[in-house]
Amino acid sequence: DTLLIQETVVGSCNTELVPTIQCIARILENTNRYGRALRAYKEVYRVQKKLSLGEGTEKTVDMARTLCKMGGIYEWKCKHEDAYRTYRKALKIFIKSDISPEDKEFRRALDGYFYEEW
């Protein structure tokens, strides 16, 4: 947690922070610290949201991928309503972009959405 707080900076260096925080999130995930991993991914999403300019840009697609990771963690923690909301948000972003429906993260968002819907 301390590491994340130290990494949170406002300004132009935010872009460089994203890979670092994503790396921390993956490490936390691999050590089964899903609560902390989720906080890290939320921080990544917050930064990406700040950086995203238009619809369907590379940055917005990155946001959707981050949301899919968050959705997967919510699912694992049996927080299905949160997972559903997250996948739904990701799906909206993917649909607005020109990503192929065969894309792994797109499929995950789609499957997660219908899993909760039915």
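Q: Where is the place of Asn32?

A: This is a predicted model. In it, Asn32 sits in the loop between α2 (14-30) and α3.

Q: What about the phi of Asn32? How should I read it?

A: Start with the general idea. Most residues other than glycine have a negative phi. Now the case here. Asn32 is not a glycine, yet its phi is positive, at about 60 degrees.

Q: Is Asn32 buried or exposed?

A: The cut-off for exposed is over 50% relative accessible area. Asn32 has 55% relative accessibility, so it counts as exposed.

Q: Where does Cys78 lie, and what is its phi?

A: Cys78 is in the loop between α4 and α5 (80-96). Its phi is positive, about 60 degrees, although Cys78 is not a glycine. With a relative accessible area of 57%, Cys78 is exposed.

Q: How many disulfides does the count give?

A: The test is a pair of cysteine sulfur atoms within 2.5 Å. By this rule the count is zero.

Q: How do I read a pair of packed helices, and what are the values for α3 and α4?

A: Two packed helices are described by the angle between their axes and the distance between the axes. Here, take helix α3 (residues 34-51) and helix α4 (residues 58-76). Their axes come within 9 Å and cross at roughly 160 degrees. That angle makes α3 roughly antiparallel to α4. The crossing of α3 past α4 is left-handed.

Q: Which residues of α3 and α4 make the contact?

A: From α3, they include Leu38, Tyr41, Val44 and Tyr45. From α4, they include Met63, Leu67, Met70 and Trp76. Charged residues take part too, among them Lys42 of α3 and Asp62 of α4. The residues of this contact divide into 13 nonpolar, two polar and five charged.

Q: Where is Phe94 found, and is it buried or exposed?

A: Phe94 is in helix α5. The cut-off for buried is under 20% relative accessible area. Phe94 has 1%, so it is buried.

Q: Which residues is Phe94 in contact with, leaving aside its neighbours within four places in sequence?

A: The list is Val61, Ala64, Arg65, Cys68, Ile99, Asp103, Glu105, Phe106 and Ala109. One of these, Cys68, is the buried cysteine at 0% relative accessibility.

How values were computed. Residues are numbered from 1 along each chain as its sequence is written. This is a predicted model: local features need pLDDT of at least 70, side-chain atom pairs count only at pLDDT 80 or more; totals for chains, interfaces and linings use all residues. Side-chain values use heavy atoms; hydrogens and water are left out. Axes are lines fitted to C-alpha atoms, for helices over the stretch in contact, and angles run from 0 to 180 degrees between N-to-C directions. Helices (H or I, at least four residues) and strands (E, at least two) are DSSP runs, numbered from the N terminus. Angles under 35 degrees count as roughly parallel, over 145 as roughly antiparallel, 65 to 115 as roughly perpendicular and the rest as oblique. A crossing is left-handed if the near helix is turned anticlockwise from the far one by less than a right angle, and right-handed if clockwise. Contact means heavy atoms within 4.5 Å. Buried means under 20% relative accessible area, exposed over 50%, partly exposed in between (1.4 Å probe, protein chains only).
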